[in-house]
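Student: I want to check the labels used for this model against their cut-offs. Can we go through them one by one?

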Amino acid sequence: MTSLSEKSLELLQAKRESGIKVFKDLDIMIPLGLSFPVVSDVIKELEENGYIDVDHRYVNSRFTLV
């Protein structure tokens, strides 16, 4: 897993500890200053590695930590 994906996962885990259960791509994009294509790759990598469960019914990615 790339270091950017690891950093993103740590960010999501910290947000989950504060009570947030459902995430969007903007939850990674804004704090880390990433572009949409980069965030899409990060989300894909986290999903492929089993860290998040992505709900593909939405245009913007909505996901939860596993």
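Tutor: Start with how elements are named: helices (H or I, at least four residues) and strands (E, at least two) are DSSP runs, numbered from the N terminus. Just after one such run, α3, G50 takes a positive phi of about 80°. This is a predicted model: local features need pLDDT of at least 70, side-chain atom pairs count only at pLDDT 80 or more, and totals for chains, interfaces and linings use all residues. Residues are numbered from 1 along each chain as its sequence is written, and side-chain values use heavy atoms, with hydrogens and water left out.

Student: What makes M29 count as buried?

Tutor: Buried means under 20% relative accessible area, exposed over 50%, and partly exposed in between (1.4 Å probe, protein chains only). M29 has 16% relative accessibility, so it counts as buried. M29 sits in helix α2.

Student: Which residues does M29 touch, not counting residues up to four places away in sequence?

Tutor: They are L34, S35, F36 and V39. Contact here means heavy atoms within 4.5 Å.

Student: Why are the buried residues of α3 said to line one face?

Tutor: The buried residues are V39, V42, I43, E45 and L46. Seen down the axis of α3, they fall within an arc of 165°, so they line one face of the helix. The arc is that of the directions from the helix axis to the C-beta atoms. The face turned away carries the exposed residues P37, D41 and E48.

Student: What about the buried residues of α1?

Tutor: They are S5, S8, L9, L12 and K15. Their arc is 125° seen down the axis of α1, so they too line one face. On the other side, S3, E10 and E17 are exposed.

Student: Why is α1 called roughly perpendicular to α3?

Tutor: The two pack at an angle of about 80°, with their axes 10 Å apart. Angles under 35 degrees count as roughly parallel, over 145 as roughly antiparallel, 65 to 115 as roughly perpendicular and the rest as oblique. That makes α1 roughly perpendicular to α3. Axes are lines fitted to C-alpha atoms, for helices over the stretch in contact, and angles run from 0 to 180 degrees between N-to-C directions.

Student: Which residues make that contact?

Tutor: L4, S5, S8, L9 and L12 of α1 meet V38, V42, E45 and L46 of α3.
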